[in-house]
Amino acid sequence: MDLRQLCQGFASTGRIEAIVLRPARGEPAVSVNVAVAEPGRGLIGDRRAAGKQSGRQSPKREITLFQAEHLPLVAGWCGLDYLDPLRLRRNLLISGLNLVGMRSPFPDTQLEWAVGHEVRIRITGPCDPCDPCSKMATELGAGSYNALRGHGGMTAAIVAGGVIRVGDSVSLHAVTTRPAKISTDD
């Protein structure tokens with residue numbers, strides 16, 4: 001088996017543990033059991049979905065994800081006994097999969113993920129913590145910026161929209177490979 005094949009193999013499926021919407025900047029995040037994902041906008045009811053209408057949102061960051069298994073680690077690094085996912089302000093809390101592994105390390109290969117029965121996403125990159133003076137640092141306290149570095153989650157683009165529910169499975173749906181570009185330089 002070569003490295004490309006290894007990067008497409010997963011021992012289990014993931015699960016949506018929580019869905020978080022941020023209605024507006026500065027307002028508390030809210031937990032919901034069901035959300036609608038729309039390509040080009042994000043989760044309806046989230047501030048990013050409203051921002052896309054004005055052209056402010058990157059298509060690579062339509063939705064944010066956080067690794068459920070990292071909650072106790074980040075809580076400990078922040079000196080907290082427990083970390084409520086609402087405080088992180090990431091849209092989807094996912095268990096059972098390594099979020100970093102959900103993104104292909106090969107530029108010519110993309111992994112498309114099924115979230116429930118309708119939604120398809122593509123992981124686009126890390127969701128690094130914002131500026132150390134941001135709301136996140138204020139929310140979680142001293143040292144939280146460094147606690148989240150490398151553990152801030154991932155961003156994703158929505159390939160196909162639909163309904164996402166807490167408890168939905170997350171599994172590899174498709175692998176796409178683009179042909180290599182041919183150079184015309186001699």
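**Exercise 1. Work out the strand order of the open three-stranded sheet in this predicted model, and find which strands stand at its edges.**

Let's start with the order: the three strands run E4-E3-E10, and their pairing is antiparallel. Next, count partners: strand E4 (42–43) and strand E10 (162–165) each have a single partner strand, so one side of each is left without a neighbour in the sheet. These two strands therefore stand at the edges.

Now look at how E3 and E10 are joined. Strand E3, residues 34–38, pairs with E10 in the antiparallel sense over four bridges. To place one of these residues, take valine 34: its bridge partner in E10 is arginine 165.

**Exercise 2. Locate cysteine 7 and describe its contacts beyond its neighbours within four places in sequence.**

First, the position: cysteine 7 lies in the loop that links helix H1 (3–6) to strand E1 (14–21). Second, list the contacts, taken as heavy atoms within 4.5 Å: cysteine 7 touches Gly101, Pro105, Phe106 and Leu111. Third, check a distance: the C-alpha atom of cysteine 7 is 6.7 Å from that of serine 104, although 97 residues separate the two along the chain.

**Exercise 3. Describe the second largest pocket: what is its volume, and which residues are closest to its centre?**

Begin with the volume, about 190 Å³. Then turn to the lining: of its 13 residues, Arg103, Thr109, Gln110, Arg122 and Ile123 are the closest to the centre. Strand E7 (109–115) and strand E8 (119–126) are the elements that give two or more residues to this lining.

Technical notes
Residues are numbered from 1 along each chain as its sequence is written. This is a predicted model: local features need pLDDT of at least 70, side-chain atom pairs count only at pLDDT 80 or more; totals for chains, interfaces and linings use all residues. Side-chain values use heavy atoms; hydrogens and water are left out. On a 1 Å grid over the protein atoms alone, a cavity is a set of points where a 1.4 Å probe fits but cannot get out, and a pocket is an open set with protein on both sides within 12 Å along at least five of seven lines; lining residues have an atom within 4 Å of a point. Grid points are joined across faces, edges and corners, and a volume is the space filled by probe spheres set on the points. Two strands pair if DSSP finds at least two bridges between them.
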